[in-house]
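Colleague: I would like to learn how to read a structure feature by feature, from strands to helices to single residues. Could you take me through this one slowly?

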Amino acid sequence: MSPETTQLPENQHDWVQDFAEGSKEQRNLLGGKGANVAEMTRILGADRVPAGFTITTSACVAYMNGEQEFPDGMQQDVDAALARLEAQAGRRLGDPENPLLVSVRSGARASMPGMMDTVLNLGLGDEAVLGLAKRSGNERFAWDSYRRFVQMYANVVRGVPSERIEAEISALKKRRGITLDTELEPTDLQELVATFKAIYREQTGEEFPQDPHEQLSGAIRAVFDSWLGDRARHYRRINRIPDEWGTAVNVQQMVFGNMGQQSGSGVVFTRDEVTGEPDPSGDFLIDAQGEDVVSGVRNTQDISELADIMPAAHAELMEILRTLEKHYGDMQDTEFTIEEGRLYMLQTRDAKRPAQAAVRFAVDAVEEGLLTKEQAIAKLDAASLEALLHPTFDRNADYTVLATGVNASPGAAKGAVVFTAEDAVHAAERGEHVILVRPFTEADDVAGFHAAQGILTSEGGKASHAALVARGMGKPCVCGVSALQVDLAGHVARIGDAVIHAGDLIAINGTTGEITIDDVPLVEPSQDPHMAGVLQRFETVLGWCDDVRVLGVRTNADTPGDAAKARELGAHGIGLCRTEHMFMDIERQPKMRRMIMAEDEVERRAALDELLPLQQQDFEGIYEAMAGLPVTIRLLDPPLHEFLPKKEEIGDELHQAYADKRYRTVGVLADVLERIELLSESNPMLGTRGVRLGILYPEIFEMQARAIFAAAAAVRERTGSMPELEVMIPLVDYERELELMRELMIRVAGEYDLVHGQDYLVGTMIELPRACFLADHIAHQADFFSFGTNDLTQTGLGFSRDDIEGKILARYIDRKILDRSPFETIDAPGVGQMLRMGAWLGRTTKPDLKLGVCGEHGGDPDSIAFFHESGIDYVSCSPYRVPIARVAAAQAQLASPR
Ligand code: PEP
Ligand code: MG
């Protein structure tokens, strides 16, 4: 039985554990830091790692559940552990002759860098400081430690503002005419201690505690409380760390980096933390404690310089880094202290790293024999890898973030602000770079997406129209920027006091959600010479993933350009071509509108005849871009009114035309208005869309079928090979709907001598609950299923995919109803269960029924794992997500082979 699952006897508890007893497997109980310190003690030896003990996460959980009181028995356990530590160290906490000093640090299960509190040098008081000075023979060191302790304790435990304290240090240095903390004399430090204690008294109404046991309880309590603080809560929400986990507290004997020129502290990674290059990288400071290195108050030195200053300690450190990396099989991020020439390791953890470093490490680690390919794949953070494909803000540039929104589609872009799709199109024709800024976007803004460099909206979230379309096109997008007010009528936007006019420069970073009006330089990975090696290694890793995975990866692509891009990124076919986007093209809109405005079928057919050759051209381009791979074309899905102008716009134009006495225009506009009203529906997403359009206006689907099959016949004629064609019907509820559409397809295909089952397939999207429950019936009419998890989520949960993020999600996460958007990661127990039922029922009718997923979830690693386990054959996602899906699919196979 692993230590993690050991059950304690009834009357025992696991509040405290010595470092010497733990191991890295006990992460849940000891927190990451405690478990790793214990592990280091085991592998490096007790003389390399200062001794101490961990107050466990169980104690923190009990504290949180017990109205912020230490649980019964915890104080006694802490006292006993402290007594053991004192015996081992040969010193006592608070001893006026020879005091033991400890550090008190937080350490949760998941690493939360900088989120919670630390107190160093605990145990000092007015008497103990004298003992420390005597024992060390270093008065400056003793007073420096004391002033640090008072400073940290006041801030961390009692919330005294750190600026208040820092201001005193600056003022004193100014009075003395010095710039460095290390130039402070012992008398200066004594003066600071007195000042800090006075501030403490003034701020808390109490004297600074001299009893070290009181100090220790206060510090432990502060660490527990910091778990509940806003900063940590916010971090947990973003990183989806459960509030219930709690944090552990590590109490460790202090070793001192601030004992003079033969002492120091540093932070070092086993490899470069940005690029992943194999040499260790990091910083250190002589005569300093770890906090100084991290806080940036002093300019640090590069770790390589330690080799000159303290060659022996440097050599030992390098050796230890190799040992740790080998032991953990991962890049490590460590903290060390050198006390009078003697090296101590204080902490190690798996290094958080950007995509670039992750890929470099994976390839190098396999080459070095440190990891197998499978282990290297499993260590990747699939979602973060998308960053390798998009331009970003130049890391070294200086810019001010004006606001932050939802990071809806990664990559950075900048350009002049435009407020309408039309302006975007015109600007693009003039060769200008623009960012389309809207409150939200709709189908008829899509032409503007093509034209713009990026999209910024004040409303909506990751499942909004803007996000979905932008991701599909690989365009950066920031959505739901609540600080942004877009005044379309006034052609102006505001963020706080900043007023942004049309034509002003704006830059957005869809990877981070940041917006700036500074002209921040962008770097394109493929053009960045520094990235050439990275992209090559990424290809290597993706090749390994393809060897492992069983889940297929296709792409959602609507244009030959997207199809070609996705193919380059490794897509094995198109899983969803949304044909509606082809009608959004500015040139085609009038033709589409004529079709919608038609009074009768004859007129509608005439308009459709004009659209047909254009649509045929689209398909030919797509088939050729995907030659040899399957192409799934979906018939028209959105409600027709999306192709017409807004009612308000027409209303305004109508008034103007009337005022100008342009009566012919008045007549035309009045007709349009009437048609808009006729087509308008209270719930358009539940209205005349998808297959329902095909039932009500079969001539529309017929035109599309003709374009699809004519294009296939033409390509076959031209290239000698038939595209691998799959026609897909959206939003099917009833078997009969599909039957009718399938008959229509077979009839039209016959006109081109194409044979069903041989030259093409007809399948359906499964995106309504009823279709899942009756999938065995629907399967009679379908050659394949593709789960539209966007609509299945929308209709299964009854949440609007366009509104949930702006309006409901934050509160739902806050109240712990959800931990993320169900439009981002599949709601496995609910929507996922429907999908599984649909898959299973479908295969009861046709055991070999091909099953795909083409909703946004097809590019989400967690959802991909679920689809893999559900027996899905392939996922289809936007082009830039294809590599992520390849990695996630491989990871899913490794975690759960099928
Ligand atoms: C879906 O509903 O999941 C889907 C892929 O179709 P769309 O997003 O176009 O509605
Ligand atoms: Mg859908």
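Predicted model: local features only at pLDDT ≥ 70, side-chain atom pairs only at ≥ 80, totals over all residues.

Colleague: How should I understand the two sides of a strand?

Modeller: In a regular strand the side chains alternate between the two faces of the sheet. In the present case, seven of the seven residues of β5, which spans residues 102–108, are buried, so the strand is largely enclosed by the rest of the structure.

Colleague: Which strands pair with β5, and in which sense?

Modeller: Strand β6 (residues 118–122) pairs with β5 in the antiparallel sense over three bridges, and Val102 has Leu122 of β6 as its bridge partner. Strand β7 (residues 247–253) also pairs with β5 in the antiparallel sense, here over seven bridges, and Asn250 of β7 stands opposite Arg105.

Colleague: Where could I see parallel pairing, for contrast?

Modeller: Look at strand β28 (residues 630–634), which is mostly covered, with five of its five residues buried. Pro630, Thr632 and Arg634 lie on one side of β28, Val631 and Ile633 lie on the other, and all of them are buried. Strand β27 (residues 574–578) runs parallel to β28 and is joined to it by three bridges, while strand β29 (residues 724–729) pairs with β28 in the parallel sense over five bridges.

Colleague: What is the strand order in the open sheet of eight strands?

Modeller: The order is β14-β24-β23-β16-β17-β18-β19-β15, and the pairing is mixed. At the edges are β14 (403–404) and β15 (406–409), each of which pairs on one side only. Within this sheet, β18 (residues 454–457) and β19 (residues 477–479) run parallel and are joined by two bridges, with Val478 of β19 as the bridge partner of Leu456.

Colleague: Let us turn to helices. How are two packed helices described?

Modeller: Two packed helices are described by the angle between their axes and the distance between the axes. Here, helix α5 (residues 139–158) packs against helix α7 (residues 186–204) at an angle of about 20 degrees, and their axes are 8 Å apart. An angle under 35 degrees counts as roughly parallel, and α5 and α7 are therefore roughly parallel to each other. The crossing of α5 past α7 is left-handed. The contact of α5 with α7 is made up of 11 nonpolar, three polar and six charged residues. Among the residues that meet are Trp143, Tyr146 and Val150 in α5 and Leu189, Val193 and Phe196 in α7.

Colleague: What surrounds the buried residues of helix α32?

Modeller: The buried residues of α32, which covers residues 861–869, are Pro861, Ser863, Ile864, Phe866, Phe867 and His868. They pack against the helices α29 (789–797), α31 (828–845) and α33 (882–895), and against the strands β32 (850–853) and β33 (874–877). Just after α32, Gly871 takes a positive phi of about 80 degrees.

Colleague: Where do Ser458 and Asp126 lie?

Modeller: Ser458 lies in the loop between β18 and α17 (465–473), and it is buried, with a relative accessible area of 14%. Not counting residues up to four places away in sequence, Ser458 touches Arg438, Pro439, Gly480, Val481, Ser482, Leu484 and Val486. Asp126 has its place in the loop between β6 and α4 (128–136), and at 35% relative accessibility Asp126 counts as partly exposed. Leaving aside neighbours within four places in sequence, Asp126 is in contact with Tyr146, Lys197 and Gln210. The C-alpha atoms of Asp126 and Val193 are separated by 9.6 Å, although the two residues are 67 residues apart along the chain.

Conventions. Residues numbered from 1 in each chain as written. Chains lettered and ligands numbered in written order. Heavy atoms only, no water. Buried < 20%, exposed > 50% of the residue type's maximum accessible area, 1.4 Å probe, protein only. Helix = DSSP H or I, 4+ residues; strand = E, 2+ residues; numbered from the N terminus. Contact = heavy atoms within 4.5 Å. Pairing = 2+ DSSP bridges. Axes fitted to C-alpha atoms, helices over the stretch in contact; angles between N-to-C directions. Parallel < 35°, antiparallel > 145°, perpendicular 65-115°, else oblique. Left-handed = near helix turned anticlockwise from the far one by under 90°. Nonpolar A, V, L, I, M, F, W, Y, C, P; charged D, E, K, R; others polar.
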